[in-house]
Amino acid sequence: MKFAGLDRPAYAACSLAALWLAYLGVLQWSVVRFRFPIVLTLTVGAIGLGIWLWRRTEIRSAPSWLVPVVLLASVAITWVVPLFSYLRAGSLTAALTVLTVVGVGAAGLLAAPTAARARAAYLLAVLGHVVTAAITTIGDPAPRIDVWVTLQQASDALARGENFYDMNWTDSPGIQDAFTYLPWTTVLLAPGRWIGGDVRWAIAFWSVVLFAGIWALAKALPGDEPSSACATALRAAIPVTALVVAPGTLTQIDQAWTEPLLAAGIVWWAVLVRRGHAWWAIVPLALACASKQHVALLLPLLLLWQPFGARRAVATGALTGVLIAPWFLASPSDFVHDTITLLVGFHPIRFANTWYLWFLNEHGVTLPLWVTGLVVFGALGMAAWLIHRRQPGIDELLRWFAFVLLAANLVNKQAFYNQYWLSAALVAISLAVPARAQDDNVEDTGARAVSSFDVTVGPRAGSARPATDG
């Protein structure tokens, strides 16, 4: 791995690091409060991501101090910025101490990285996340949030063979009579309730699956530029350690927010596509789509991305339909009410840090649907056009995913830490993808696959690895 001085790629890496810390720092502060500076910072993050995608600046080197500074700053922000958690006293201190050990330890290991140190930092982060999740789940056995209540009771209903779209929830502090997720959120998280008594055990499991996917994504394949063992391990260790100690992580674990499940499905989709198994990649992507509604925003982008293609995108939608069909057929009216109608008509939540809430909270103006639709479909259309034109590498494609979801969040009336976290996670995941090798036989039409943290610095041509399984 080559660390350069502050040339153009290094400036880009430093800018990304600063935006990462500001973005996640204000997100930790955002639970549970609305502030205009939070909305503004998140918007700056979206603009910065958009500029990166438009200019396609390659970030394949960084100053040697940058990653340790990001990790140490993340720990400092976690301690200093107001943190919402139901953990108290010893449990809270223990969880924060574990995150501190991970951040400081990984920073030390990555300050002068070798392959062994990078692997150690990766393993430290994974183990630290598991320990933090265990402390949080045991220390706060019954968080007062409707997400946890509905997931727990829906898991019990699934075990009894009942339809959880036709239930009222007991002791829910929020929604009382609807299950607003798609059904496979329950199916994939229920084992945590059945085996360990809490769905958060399953969320921790899927987080580890996410981290394993990042490791698999970081491995060089035929057609990638040559990569040393150190560079490969760093491509995995950097995003995983950054995600584990990201500001607000403790709140996300405590609140039983399910976005790590979605990120796990997307990363394994990426792994399978890169390895030439694009038809098999449909399975994890369809599971993600069958777990939460907004993942469907990604399918139009995949229709136009040739390494996956229209047939597989349509097949993903069809498999998603098959996966959710049993619950829809059991009670179409209940299913549509809980997953569509209720959410469309749901009242704005005053501490959602979005432009929708800024206009409502500060000016008493309710943005019309056509305005929010213009932003969402404008971002989606721009992304689709550039993906069709460029046919980018899978790393750039993951960042387009992040950009579209982030744009949708910024004009939503119910976007919180977890939805914004998913966009950040997709950017981090994209950094694990190795650089493609220079191919003199491929005409450079501007479709350069952008990668991060590899062995060389400079422009390159080529596109994503094509599927080989038909």
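1. Of the 470 residues in the chain, 58% are buried, meaning under 20% relative accessible area with a 1.4 Å probe and protein chains only. The model is predicted, with local features requiring pLDDT of at least 70 and side-chain atom pairs pLDDT 80 or more, while totals for chains, interfaces and linings use all residues. Residues are numbered from 1 along each chain as its sequence is written, and side-chain values use heavy atoms, without hydrogens and water.

2. The chain contains 19 helices and 0 strands; these are DSSP runs, H or I of at least four residues for helices and E of at least two for strands, numbered from the N terminus.

3. The C-alpha trace spans about 60 × 50 × 50 Å along its principal axes. Among contacts (heavy atoms within 4.5 Å) between residues at least 6 apart in sequence, 78% join residues at least 24 apart.

4. In the largest nonpolar core, which has 150 residues, W20, W269, L302, F308 and F401 touch the most other members. A nonpolar core is a set of buried Ala, Val, Leu, Ile, Met, Phe, Trp, Tyr and Cys residues joined through side-chain atoms within 4.5 Å. Helix α18, residues 394-410, gives the most to this core, with 13 residues. Another core, of 8 residues, lies apart from it and includes F34, V39, Y356 and W358.

5. Leaving aside residues up to four places away in sequence, F308 touches W269, V273, A278, A281, I282, L285, L302, A313 and T316.

How values were computed: Buried means under 20% relative accessible area, exposed over 50%, partly exposed in between (1.4 Å probe, protein chains only).
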